Amino acid sequence: MPAFSAVRRQEPLGWGSCLVFFAALGLAFLVSGTLLAIQGKPALTGLWLLVESAFGSRHALEDCLIKAVPIFLCSLGVGLTFRLQIWNIGAEGQFALGAVGATWAALTFPTWPWYALLPIMLLCASVAGGLWGAIPAVLRLKLRANEIIVSLMLNYVGILILEFLVYGVWKDPGSFGFPMTSEFAPAAVVARIAGTRLNWGLLLCLAIGVLMTVFLRSTRLGYELRACGENVRAARYARMPYAFLVILVMAVSGALAGWAGFLEASAILGRLQPSIMSGYGYTAIVVAWLANLNPLIIAVASFLLAGLRVGMETLQLDLQVPAAFGGIMEGFILLAVLAGGFFSRYRLQMRRAG
Amino acid sequence: MMRKCLPLFLLALLALGSTCFAKDIKVGFVYVSPVGDAGYSYAHDQGRLAVEAMDGVTTSFVESVAEGQDSERVMMNMARKDYDIIFATSYGYMDPMLKVAKEFPNVKFLHCSGYKNAENMANYFGRIYQARYLTGMVAGAMTKSKELGYVAAFPIPEVIRGINAFTLGAQSVNPDVQVRVVWTKTWYDPATEKEAAKSLLDVGCDVIAQHQDSPGPQEAAQERGVWSIGYNSDMSAFAPKSHLTSAVWNWGPFYKEMVQQIIDGTWKAQFYWYGLDHGIVDIAPFGPMVPEDVQKTVLAKKAEIASGAYQVFTGPIKDQAGTEKVAAGAVMSDGDLLGFNWFVQGVVGTLE
């Protein structure tokens, strides 16, 4: 019986890793199709329906883009911290704080025109989310507190702050006691791009995506960030500003999640309510890993994941597949792609006997 | 001869075709939780199945839809796929549905538990508080400690109304009864809800009622050997030894009525708030431990409420501080009920 051993690749796989990715995706689809067949649903039709209803029409593409925006912003931030080997699990809470910050501005200056109000809302969301993100960073540096635990715990605190406000002082008196703020003034709502259902938040994503790519590739700080992520000791020895970088990435990550909270509250809901929390902060962790922490691939992965979730709804509607199937399929895709990552870094070598 | 007959023949075929192959009415449902939860969405889905059984009607649903943008997309998708009628069964679907309703004037929309209407959008709910009053009577008759426990989801009018009705029902048969309320801030979290029930049992409650979608509180009551009152659907299967009865939803007749009215063209986009009179709410069959005289009293009251002879929220009703909120003989209006934000006397708990 031939035995294999894994050997680390000397050269990066390059386009080959694309092949590995699609093979992994194919495998996940194969398993999902089998699961559909076991439920007595048409497997091929089902998978085609999933893809078609996610990407097959203008409406579908718009829906995917809208849903991808918050996932992308959270993932981009989380991915940035992961580069530095800092594990921000707190995008969910930072998202909540961002929404709270933006809502505070919207409720405090309701009469301002949009060109003044929207930037202030964005600023407040960045500050609130950024500060929330900086807390675990500071605690890590000063008290050696584990940032995974701290950022995770702050999620619960952040969500509770949001609920405290919408159940309490911010509750709309006209809502029959239901927990939600009153509707934002029109000036506090990010407008739609004419002729589409998309809003201008998409442009914000585009801009920050490009900016992030440039920052990581072509600036000194970006280089130092990547270097610190590879080897903290060596980087410190080279007098790189590790502590500053830790606080920076956590604050930026928090601010980006805050942007997502701002856009969801302003453009999508037009008010703050507890159901704004849809777990994008946790999804972001998955997406950042799927995308190998690369901003461009994060954008693609956010879009694909949004598509999967949008498509699953049609699959439910047309074939009455249970909602849990979407979660199972998502899990398989992640598992397959991450396992596939192994083949990008290692190659199998047949071991000869003797 | 043949030529003369052909147009006639074609016409006949056409007529036949339009009757035999008339397009089915498509009805879509949007649920906030999975239908398998034995709770709220399960009850709505039982209603959907009743509609599915109607002639010329097909139905489908999407479950676990988050309130907010996701629900807007799901409803939009249904409307684009030529669904004729869309039911959305959670409060947070209200504003998204209103947006979609404006874009699809030919589709009929029905929203559960909210308060906004449009020309093609009605809202509806059931007077589950009537059933809660009856279950309160059962609990009041069965308690020995005169302490009833109530595991509740969120401090919103729907839940507060139910707690108040339950309390008044219990007091009607046992004036000294107190109802202790614990908020879980969850709709469906079996572990949390079971723990909440245990905390109520620890302070001496011997009947546990619930406004939750999981049977967690039922199980807690059975483990301690005390009584329990279920909600949403008949929960006796989860705790056969402790289950006295449940306040249950029975959406089938109402959903069929709505769909039939829309087919007939007699439907109106208004607020439907039916109760025991339409069978939309009810109580589950009594457990064997409920004495016959209690059963009789409760069923007599049920008939009284169903006929309109008795209103649950008839004064005098005092609040927790003892201030009279509803004068003797006066009846609270639907508007007051929809905005209920205070507890009646005898409830132990806060609104936060």
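Predicted model: local features only at pLDDT ≥ 70, side-chain atom pairs only at ≥ 80, totals over all residues.
Does Lys146(B) count as buried, exposed or partly exposed, and how many C-beta neighbours does Lys146(B) have inside 10 Å?

Figure 1. Chain A contains 13 helices and two strands. The radius of gyration of chain A is 22 Å, close to the 20 Å that the globule rule gives for 354 residues, so chain A is as compact as a globular protein of that length. Taken along the principal axes, the C-alpha atoms of chain A fill a box of roughly 80 × 60 × 35 Å. Of the 354 residues in chain A, 45% are buried. In chain A, 77% of the contacts with a separation of 6 or more are between residues 24 or more positions apart. Chain B has 11 helices and 15 strands, and its C-alpha trace spans about 90 × 40 × 40 Å along the principal axes. Buried residues make up 49% of the 352 residues of chain B. For chain B, residues 24 or more positions apart account for 64% of the contacts with a separation of 6 or more.

**Figure 2. The contact between chain A and chain B.** Chain A brings 21 residues to this contact and chain B brings 24 residues. On the side of chain A that touches chain B, helix 3 (58–83), helix 10 (242–269) and helix 12 (295–319) of chain A each supply at least two residues. Helix 12 of chain A gives the most, with five residues. Sorted by class, this side of chain A holds 11 nonpolar, eight polar and two charged residues.

**Figure 3. Helix 2 and helix 3 of chain A.** Helix 2 (residues 43–55) of chain A packs with helix 3 of chain A at an angle of about 80°, and the two axes are 5 Å apart. The two helices of chain A are therefore roughly perpendicular to each other. From helix 2 of chain A come Ser53(A), Ala54(A) and Phe55(A), which meet Ala60(A), Leu61(A) and Cys64(A) in helix 3 of chain A. Five of the residues of this contact are nonpolar, one is polar and none is charged.

Figure 4. Strand 5 (residues 121–126) of chain B is joined to strand 11 of chain B by four bridges, and Gly126(B) has Tyr274(B) as its bridge partner in strand 11 of chain B. Among the buried residues in helix 4 of chain B are Met94(B), Met97(B), Val100(B) and Ala101(B). The buried residues of this helix pack against helix 3, strand 3, strand 4 and strand 5 of chain B.

**Figure 5. Strand 10 of chain B and its partners.** Seven of the seven residues of strand 10 (residues 243–249) of chain B are buried, so this strand is largely enclosed by the rest of the structure. Five bridges connect strand 9 (residues 227–232) of chain B with strand 10 of chain B, and these strands run parallel. Tyr231(B) has Ala247(B) as its bridge partner in strand 10 of chain B. Strand 10 of chain B is also joined to strand 12 (residues 281–283) of chain B, by three bridges, and this pair runs antiparallel. Here Val248(B) stands opposite Asp282(B) in strand 12 of chain B.

**Figure 6. Backbone details in chain B.** Most residues other than glycine have a negative phi, and most peptide bonds are trans. Lys146(B) has a positive phi, near 60°, and is found in the loop between helix 5 (128–142) and strand 6 (147–152) of chain B. Lys146(B) has 16 C-beta neighbours inside 10 Å and so counts as partly exposed. Asn232(B), in strand 9 of chain B, has a positive phi near 80°. With 25 C-beta neighbours inside 10 Å, Asn232(B) counts as buried. The peptide bond from Gly315(B) to Pro316(B) is cis, with omega near 5°. Pro316(B) lies in the loop between helix 10 (292–307) and strand 13 (317–318) of chain B.

Note on methods: Residues numbered from 1 in each chain as written. Chains lettered and ligands numbered in written order. Contact = placed C-beta atoms within 7 Å. Nonpolar A, V, L, I, M, F, W, Y, C, P; charged D, E, K, R; others polar. Pairing = 2+ DSSP bridges. Axes fitted to C-alpha atoms, helices over the stretch in contact; angles between N-to-C directions. Parallel < 35°, antiparallel > 145°, perpendicular 65-115°, else oblique. Rg over C-alpha atoms; globule rule 2.2 N^0.38 Å. Buried ≥ 20, exposed ≤ 12 C-beta atoms within 10 Å, placed from the backbone.
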